[in-house]
Amino acid sequence: MFIPTGQTINGVTFYRNNIFCGSVGLVTDLECKILSPNPRYTYGCLSEFSYTLTIPAENMTEYEQGSVWRCIYFGSSIFRSPDVTLAIAGKLHV
């Protein structure tokens, strides 16, 4: 998720199936802050305008299959990502 052009708050909130999963952003000293993180995921700040949520491989289970994800700009909910449905690849049977 990237911060919208012209916006001044540097942070986003992540949602899984419409449920809050944590917020991440940069504070005034450019320190990456994570608020109320879900321990299943890893959060990060790539820059002052770009943020990540990663599902570690050990947590990539059937629980995540078909989950719907989005992130919303911390300053205004009108700025948000499209919904993305997670599809976990299965084993190829030959």
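Tutor: The account below takes up the cysteines, beginning with the basis of the values.

This is a predicted model, in which local features need pLDDT of at least 70 and side-chain atom pairs count only at pLDDT 80 or more, while totals for chains, interfaces and linings use all residues. Residues are numbered from 1 along each chain as its sequence is written, and side-chain values use heavy atoms, with hydrogens and water left out.

A disulfide is taken here as a pair of cysteine sulfur atoms within 2.5 Å. By this rule there is one disulfide. The bond links Cys-32 and Cys-45, with an S to S distance of 2.0 Å. The link of Cys-32 and Cys-45 is right-handed, with 75° about the S-S bond. Strands here are DSSP runs of E with at least two residues, numbered from the N terminus.

Cys-32, at 30% relative accessibility, counts as partly exposed. Cys-45 counts as partly exposed too, at 23%.

Cys-45 also has a partner on the neighbouring strand. Strand S4 (residues 42-47) pairs with strand S5 (residues 50-54) in the antiparallel sense over five bridges; two strands count as paired if DSSP finds at least two bridges between them. Within S5, Tyr-51 is the bridge partner of Cys-45. Two residues separate S4 and S5, which form a hairpin.

The account now turns to Cys-21 and Cys-71. The sulfur of Cys-71 is 11 Å from its closest cysteine sulfur, in Cys-21, which is too far for a bond. Cys-21 is buried, with a relative accessible area of 4%, and Cys-71 is buried at 6% relative accessibility.

Both Cys-21 and Cys-71 belong to the largest nonpolar core, which has 12 residues and also includes Tyr-51, Leu-53 and Trp-69. Such a core is a set of buried Ala, Val, Leu, Ile, Met, Phe, Trp, Tyr and Cys residues joined through side-chain atoms within 4.5 Å. The elements giving two or more residues to this core are strand S1 (11-16), strand S2 (19-26), S5 and strand S6 (68-73). S2 supplies the largest share, three residues. In soluble globular proteins, nonpolar side chains tend to be buried together.

Note on methods. Helices (H or I, at least four residues) and strands (E, at least two) are DSSP runs, numbered from the N terminus. Buried means under 20% relative accessible area, exposed over 50%, partly exposed in between (1.4 Å probe, protein chains only).
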